[in-house]
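This report walks through one protein model for a reader who has not seen it before. Please have the sequence and the 3D view open while reading.

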Amino acid sequence: MRQLIIRLFVLLAVMITAGCGFHPRGTTQVPAEMKTLIVSTGDPYGPLARTVRQQLRLNNVRIVDDTKETRNNVPTLRLGGEGFGRDTASIFISGTTAEYSLVMSVSAQVLLPGKGIYPISTTVYRSFFDNPNAALAKDAEQDKIMQEMRQRAAEQLVRKLLTVHAAQESNKDTLPQPETILPGESSPEAPSSSATSLQ
């Protein structure tokens, strides 16, 4: 009897999570028309392109080569550059920098054949503590933080495919503001339903 009750609770939990649209962190329900994509970038083997491709595959998006035939029938995700910035957030008593605020901005365009071009972009912020007594460890930590920021930016770009789909469906010329993640905040799991401005 006890096993039957446990099984019923497990079945109920599965049905509830399936019914509410639950999905693992980092995954998005990509629109059906974008389940196959061309990824175009000036640096196809760069860290941003690799991270975006990995995120697309995680979301069950098939990436195809850019040929004349596919270009006319398959949506294209054109990756722009990634910009890095660093501002001083706090200083030691001696006047040297104690903490930096790192900024990463990524821009892209979604080309829907026969429907238009939709610009999307995202910005991610992170804090980085500067330890002048551990230069080697500091460089390794900064590289790791940059990769984490790139991962977050890739997740956000994939989520924005939903807003492109919504804008295209409603024939709007506007898209949501670029998603910005401040230090200490976590990225939202569900995309916003509002659509108000380009980039």
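In the hairpin formed by E3 and E4, five residues lie between the strands, and Gly95 takes a positive phi near 100°. The model is a predicted one.

Three residues lie between E4 and E5, and Gly114 in the turn has a positive phi of about 75°. E4, residues 97-112, and E5, residues 116-129, pair in the antiparallel sense over 14 bridges. Val106 has Thr122 in E5 as its bridge partner, and Glu99 stands opposite Phe129 in E5.

| Strands | Sense and bridges | Residues between the strands | Glycine and phi |
|---|---|---|---|
| E4 and E5 | antiparallel, 14 bridges | three residues | Gly114, positive, about 75° |

How many of the 16 residues of E4 are buried? The count is 13, so E4 is largely enclosed by the rest of the structure.

**Residues in and around these strands**

Ser101 lies in strand E4. With a relative accessible area of 18%, Ser101 is buried, because the cut-off for buried is under 20%. Leaving aside residues up to four places away in sequence, Ser101 touches Gly85, Arg86, Asp87, Ala89, Tyr125 and Arg126. Arg86, one of these contacts of Ser101, has its charged end over the ring of Tyr100, 4.0 Å from the ring centre. As for pairs between aromatic rings, the structure holds zero.

Thr123 has its place in strand E5. Thr123 is buried too, and its relative accessible area is 14%. Thr123 and Phe84 are 39 residues apart along the chain, and their C-alpha atoms are separated by 9.8 Å.

**The protein as a whole**

The protein has four helices and six strands. Along the sequence they follow the pattern α-β-α-β-α-β-β-β-α-β. Of the 199 residues in the protein, 37% are buried. The accessible surface comes to about 11,900 Å², and carbon and sulfur atoms account for 55% of that surface. Taking the contacts between residues at least 6 apart in sequence, 66% join residues at least 24 apart.

In soluble globular proteins, nonpolar side chains tend to be buried together. The largest nonpolar core in this model has 32 residues, of which Val52, Leu56, Leu77, Leu79 and Leu161 touch the most other members. Two or more residues each are given to this core by strand E1 (36-41), H2, strand E3 (76-91), E4, E5 and helix H4 (135-169). H4 supplies the largest share of this core, ten residues.

Which residues does Leu79 touch, not counting those up to four places away in sequence? They are Val39, Ser40, Thr41, Ala49, Val52, Ser107, Ala108 and Leu157. One of them, Val52, is itself named among the core residues that touch the most other members.

**A loop residue**

Asn60 lies in the loop between helix H2 (47-58) and strand E2 (62-64). Is Asn60 buried or exposed? Its relative accessibility is 61%, so Asn60 counts as exposed, the cut-off being over 50%. Most residues other than glycine have a negative phi. Asn60 is not a glycine, yet it has a positive phi of about 60°. From Asn60 to Gln29 the distance is 9.1 Å, C-alpha to C-alpha, and the two are 31 residues apart in sequence.

Methods:
Residues are numbered from 1 along each chain as its sequence is written. This is a predicted model: local features need pLDDT of at least 70, side-chain atom pairs count only at pLDDT 80 or more; totals for chains, interfaces and linings use all residues. Side-chain values use heavy atoms; hydrogens and water are left out. Two strands pair if DSSP finds at least two bridges between them. Buried means under 20% relative accessible area, exposed over 50%, partly exposed in between (1.4 Å probe, protein chains only). Contact means heavy atoms within 4.5 Å. Accessible areas come from the Shrake-Rupley method with a 1.4 Å probe; for residues, only the protein chains shown count as cover. A nonpolar core is a set of buried Ala, Val, Leu, Ile, Met, Phe, Trp, Tyr and Cys residues joined through side-chain atoms within 4.5 Å. Rings of Phe, Tyr and Trp (its six-membered ring) pair if their centres lie within 6.5 Å; planes under 30 degrees apart count as stacked, over 60 as edge-to-face and the rest as tilted. A charge sits over a ring if NZ of Lys or CZ of Arg is within 6 Å of the ring centre and within 35 degrees of the ring normal.
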